[in-house]
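Here are my notes on this model, as numbered points.

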Amino acid sequence: MDASGPDGGQPNERAAALREIAAAVNACTDCDLYKGATRAVPGEGNPYAEVMFIGEGPGFHEDRLGRPFVGPAGQFLDQLIRSIGLERKDVFIANVVKHRPPNNRDPLPSEIAACKKWLDRQIDIIRPRVIVTLGRYSMNRYFPGQSISRIHGQPRRVGDVWVVPMYHPAAALHQASLRRTIETDFQQVRVVLDRLAKEQQAQQAAMPEPEPQQMRLL
Ligand code: URA
């Protein structure tokens with residue numbers, strides 16, 4: 001994965017910071033979830049990703065491999081990512097809780113609270129322009145008290161980031177009718193990215209041309 005960045009920082013600086021977080025997550029015992037898990041799933045992807053996906057928590061397959069979204073829901077997520085012209089290597093994927101809840105039960109508020117610092121730090125390092133929340137639990141980080149059935153697929157600006165709430169991809173595996181909804185909602189990520197790219201082009205075009213350097217005569 002290309003970890004070099006355009007922000008003037010040392011190449012791999014962000015990758016190193018993310019590795020440090022991953023090591024801390026692997027050793028984390030701040031809630032009880034680690035007791036029933038095989039391994040932690042800190043999250044992975046491009047340290048310079050423009051788009052970050054936040055799921056709920058690791059499932060069976062993720063717990064085995066230590067990687068996010070590698071089971072059936074992950075295969076669907078990969079398809080969705082490709083449908084907007086991106087690859088998995090372009091994005092960063094993380095979860096609200098980093099250890100698998102027993103029998104895939106919903107994460108408890110205390111577990112989400114204990115794990116929040118890791119996700120906060122990942123977001124601070126990556127500074128994505130777009131965050132896609134997958135499911136209710138990550139939606140709650142940004143839109144507490146809202147209902148996913150009302151706000152799915154509607155990008156909203158939160159501070160300096162666009163947040164796009166989506167149904168969890170696993171929902172489509174349980175309820176086939178949601179598949180089209182998720183596919184349609186996903187196109188909103190492309191819409192936001194195109195808009196951001198246009199804004200950036202317009203800003204660059206408005207900047208004064210740099211003075212031409214005078215040729216030095218020997
Ligand atoms: N579901 C999630 O929310 N996260 C994963 O990593 C896998 C499945």
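This is a predicted model: local features need pLDDT of at least 70, side-chain atom pairs count only at pLDDT 80 or more; totals for chains, interfaces and linings use all residues.

1. Strand S2 covers residues 51–55, and strand S3 covers residues 92–95. The two run parallel and are joined by four bridges.

2. Now the whole sheet. It is open and has six strands, in the order S1-S3-S2-S4-S6-S5. The pairing is mixed. Strands S1 (44–45) and S5 (156–158) stand at the edges. Each has a single partner strand, so one side of each is left without a neighbour in the sheet.

3. Which residues surround the ligand? They are Gly 55, Glu 56, Gly 57, Glu 62, Pro 68, Phe 69, Asn 95 and His 168. By class, the shell divides into two nonpolar, four polar and two charged residues.

4. The side chain of Asn 95 places an N or O atom 2.8 Å from a nitrogen atom of the ligand. Gly 57 contributes from its backbone: a polar atom there is 3.0 Å from a ligand nitrogen. Phe 69 also uses its backbone, with an N or O atom 3.0 Å from an oxygen atom of the ligand.

5. How much of the ligand does the protein cover? On its own, the ligand has 230 Å² of accessible area, and the protein covers 91% of that.

6. Last, the site itself. The ligand takes up the space of the largest pocket.

Notes. Residues are numbered from 1 along each chain as its sequence is written. Side-chain values use heavy atoms; hydrogens and water are left out. A residue is near a molecule or strand if one of its heavy atoms lies within 4 Å of it. A polar contact is a pair of N or O atoms within 3.5 Å; within protein, one must be able to donate a hydrogen and the other to accept it, and residues adjacent in sequence count only if both atoms are side-chain atoms. Accessible areas come from the Shrake-Rupley method with a 1.4 Å probe; for residues, only the protein chains shown count as cover. On a 1 Å grid over the protein atoms alone, a cavity is a set of points where a 1.4 Å probe fits but cannot get out, and a pocket is an open set with protein on both sides within 12 Å along at least five of seven lines; lining residues have an atom within 4 Å of a point. A molecule sits in a cavity or pocket if more than half of its atoms lie within 2 Å of its grid points. Ala, Val, Leu, Ile, Met, Phe, Trp, Tyr, Cys and Pro count as nonpolar, Asp, Glu, Lys and Arg as charged, and the others, Gly among them, as polar. Two strands pair if DSSP finds at least two bridges between them.
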